[in-house]
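Let's explore a protein model together, one question at a time. Take a moment to look at the sequence and the picture before reading on.

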Amino acid sequence: MTDAPSYGFDTLQIHAGAKPDPATGARQTPIYQSTAYVFRDAEHAAALFNLQEVGFIYSRLTNPTVAVLQERLATLEGGAGAVCCSSGHAAQIMALFPLMGPGCNVVASTRLYGGTVTQFSQTIKRFGWSAKFVDTDDLDAVKAAIDENTRAVFCESIANPGGYVTDIRALADVSDAAGIPLIVDNTSATPYLCNPIAQGASLVVHSTTKYLTGNGTVTGGCVIDSGNFDWSANDKFPSLSEPEPAYHGLKFHETFGPLAYTFHGIAIGLRDLGMTMNPQAAHYTLMGIETLSLRMQRHCENARKVSQWLENDDRVDYVTYAGLPSSPYFERAQACYPKGTGGLFTFAVKGGYEACIKLVDSLEIFSHVANLGDTRSLIIHSASTTHRQLTPDQQEAAGASPNVVRVSIGIEDADDLIRDLDQALAKACG
Ligand SMILES: *Cc1c(COP(=O)(O)O)cnc(C)c1O
């Protein structure tokens, strides 16, 4: 199918990038479980290695099943190209890799997935990169944090988990003015609820592990390039604008135009970092995406019902969900995320740490796991698990105070979820 822009989201989530297998007519995208691909002849091989012809060489770089997923995600996000990776965290490194060098920094939102905070504040230092964390609601603070070595601004659309939603347009205006790309982690929103590129973002990253795959089967990630950023407008991105020594002096931007960043990601990023998605994972994720809009509608509807019920319950102190009128981000959510604000939120239990522990141990439908974006409802008590190494101050700043639990509301019957929470709160709060 030609991916005409006139097709709606529900059609594209099933068809974009895919067509019946030319060899067999198989209607579902086959899992091309092959490491290498036979060259037609030596000339064909040379053209592929010179990037003069697009095709398949070796599955660390490209694979036909993964390529379908890349095209589908690029289409759903309105991007020019996409590179799939082995996990969401791999995608974040791959997103920064063409932009950064030793001494460069990224200005990042303080409201990020905990694992990203660790990756950015600790691990990337090994590459000579660094991150400066700022409150992205304070646009002046973002401007002030950007210096001559800043190569990107990084945020999440719907931030995991504190009921926070980003004003992407406002942040994109700041990064545009500074001549650097805005990278948006769109994992919690998915392209169904938010299109960061349409709001001015240059690059989008996903943990496809979560809602895109949708049922907790495989880890994966993706970087999507809008194709809109002018890598040659200043001298900040020599890997894209100047001869790239890692690819015999190829000038990626001049040669590939809007696909420069995507080609760099494959030809150098995947080639040398090897954070490749495997075709089995791509298959599961393609399956998941076929029902993305239906699931997201139900995740949002259930999260609204469950959060409302919790907010009105005496045993609950507060609920942070941007879909509730009581949220400080409710109006922004209505304006920027009109289809809904996803299935994640936190709530505080009056009995504190002990009550939270009893709550997670008493639930029957909810699973106590470190994951989100599953068809099943999930819960985690961050203070005793993912955030237990942090000081009380750090826990509070991360929205992971001892009296707070995070839920990822699934697509079960909302009434059953409410009944489950009711019985577990009864046990937890005596
Ligand atoms: C899970 C997650 C990641 C990391 O993705 P992995 O697939 O677990 O590596 C990054 N950002 C957000 C918002 C996430 O939820």
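Here are some questions about this model, each with a worked answer.

This is a predicted model, in which local features need pLDDT of at least 70, side-chain atom pairs count only at pLDDT 80 or more, and totals for chains, interfaces and linings use all residues. Residues are numbered from 1 along each chain as its sequence is written, and side-chain values use heavy atoms, with hydrogens and water left out.

Q: How far apart do the C-alpha centres of domain 1 and domain 2 lie?
A: The bounds here come from an automatic or database domain assignment. That assignment gives domain 1 (9–288) and domain 2 (293–429). Across the two, 31 residues of domain 1 are in contact (heavy atoms within 4.5 Å) with 31 residues of domain 2. The distance between their C-alpha centres is 29 Å.

Q: What kind of ring pair do Phe120 and Phe154 make?
A: Rings of Phe, Tyr and Trp (its six-membered ring) pair if their centres lie within 6.5 Å; planes under 30 degrees apart count as stacked, over 60 as edge-to-face and the rest as tilted. The structure holds 14 such aromatic pairs. For Phe120 and Phe154, the centres are 4.9 Å apart and the planes are at 75 degrees, so the pair is edge-to-face.

Q: How many residues apart in sequence are the parts that this pair ties together?
A: Both Phe120 and Phe154 are buried. Phe120 belongs to helix H5 (residues 114–121) and Phe154 to strand S4 (residues 150–156), so the pair ties together parts whose separation in sequence is 34 residues.

Q: Over the face of which residue does Lys210 lie?
A: A charge sits over a ring if NZ of Lys or CZ of Arg is within 6 Å of the ring centre and within 35 degrees of the ring normal. Lys210 is in the loop between strand S8 (203–207) and strand S9 (221–225), and it is buried, with a relative accessible area of 9%. At 4.7 Å from the ring centre, Lys210 lies over the face of Tyr113.

Q: How many disulfides does the count come to?
A: A disulfide is a pair of cysteine sulfur atoms within 2.5 Å. The sulfur of Cys194 is 8.2 Å from the closest cysteine sulfur, in Cys336, too far for a bond. For Cys104, the nearest cysteine sulfur, that of Cys155, is 20 Å away. By this rule, the number of disulfides is 0.

Q: Is Ser157 buried or exposed?
A: Ser157 sits in the loop between S4 and strand S5 (158–159). Leaving aside neighbours within four places in sequence, Ser157 is in contact with residues including Tyr164, Asp185, Cys194 and Tyr337. Its relative accessibility is 0%, so Ser157 counts as buried.

Q: How far apart in space are Arg72 and Ala16, C-alpha to C-alpha?
A: Arg72 lies in helix H3 (residues 64–77) and is buried, with a relative accessible area of 2%. Arg72 and Ala16 are 56 residues apart in sequence, yet in space their C-alpha atoms are separated by 4.8 Å.

Note on methods:
Helices (H or I, at least four residues) and strands (E, at least two) are DSSP runs, numbered from the N terminus. Buried means under 20% relative accessible area, exposed over 50%, partly exposed in between (1.4 Å probe, protein chains only).
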